[in-house]
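Biologist: I'd like a close look at a single part of this model. Please walk me through how it packs, with the cut-offs spelled out as you go.

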Amino acid sequence: IPRTGTCSRKLSSQARRGSVRRDEELVTERTSTLTQSQQERRDRMLEATAELAQQGGWDAVQMREVAQRSDVALGTLYRYFPSKEFLLVSVMLSDIEGLADRLAVRPPEGEDPVERVIDVLRRANRALQREPQVTIAMIRALVSGNQDIAPAVLQTRLMMRRIISDALGAEADDEDVAEGDGLMMSIDLLSDVWMAALVGWISGVEPPTAVVPKLETATRVLL
């Protein structure tokens, strides 16, 4: 729906910022209230999932096997992760959080913000392509269409938005950024291009070497 006028843009901006904050609260609630032992149990489940995916891809990730490897009851696993798809998207989210931690230690390199974003995407893709079986399983889960995984998918999107906006030198919830639809829309579109490139790779439409050049072009066009 087209919007015109400064007042409507500000109202939309405020609503959007409020919506993002509410979404962040909803998707982090599941882990923010965990005790240390519960967090350790959750980490074991994610590690077991990644190991199974690395060994045999999507088909190897079975809830009962994950529970056995994690030394938890099957019912406990389902309380943390209601489906296989939710479990695999949570592994992807954990990987993105790991990327954010590494970027904090070794910030992205580049002469300008766009080059820094490209450096972030290159590093992220190197990590994904080191373990192709895991990546294929995660992407299959992400595009499964299972509505139960919406909170985890949203958190994944928000984390990528924050990582890219940090590389640009802009906070994802800054007043100026939020009021200008263009930058956040461009970041989200870049994430969409990345996802499409990954789907093209895992489905055999394009070789893995095609992902980074496509992202470099999209970054320069969008940002």
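Modeller: Axes here are lines fitted to C-alpha atoms, for helices over the stretch in contact, with angles from 0 to 180 degrees between N-to-C directions. The H5/H6 crossing is right-handed (near helix turned clockwise from the far one by less than a right angle; left-handed if anticlockwise). On the H5 side the contact uses Leu-99, Arg-102 and Leu-103, and on the H6 side Val-120, Arg-123, Ala-124 and Ala-127; contact means heavy atoms within 4.5 Å.

Before going on, a word on the numbers: this is a predicted model, so local features need pLDDT of at least 70 and side-chain atom pairs count only at pLDDT 80 or more, while totals for chains, interfaces and linings use all residues. Residues are numbered from 1 along each chain as its sequence is written, and side-chain values use heavy atoms, leaving out hydrogens and water.

Now the other partner. H5 packs with H8 (residues 150–168) at about 15°, the axes 9 Å apart, so H5 and H8 are roughly parallel. This H5/H8 crossing is left-handed. The H5 side brings in Phe-86, Val-89, Leu-93, Ile-96 and Leu-103, among others, and they meet H8 residues including Ala-152, Val-153, Met-159, Met-160 and Ile-163. Leu-99 and Leu-103 of H5 turn up in the contact with H8, and also in the contact with H6. H8 also holds Leu-154, which is partly exposed at 26% relative accessible area (buried is under 20%, exposed over 50%, partly exposed in between, with a 1.4 Å probe and protein chains only). C-alpha to C-alpha, Leu-154 and Leu-93 are 9.9 Å apart in space, yet 61 residues apart in sequence.

The structure has two aromatic pairs. In one, Tyr-80 and Phe-81 are tilted, 6.4 Å centre to centre with 35° between the planes (ring centres of Phe, Tyr or Trp, its six-membered ring, within 6.5 Å; planes under 30 degrees apart are stacked, over 60 edge-to-face, the rest tilted). Phe-81 and Phe-86 make the other: centres 6.4 Å apart and planes at 55°, so tilted again. Together Tyr-80, Phe-81 and Phe-86 form one aromatic cluster. Tyr-80 counts as buried at 12%, Phe-81 is buried at 0%, and Phe-86 is buried too.

Of its 223 residues, 40% count as buried. Among contacts between residues at least 6 apart in sequence, 69% join residues at least 24 apart.

Notes
Helix = DSSP H or I, 4+ residues; strand = E, 2+ residues; numbered from the N terminus. Parallel < 35°, antiparallel > 145°, perpendicular 65-115°, else oblique.
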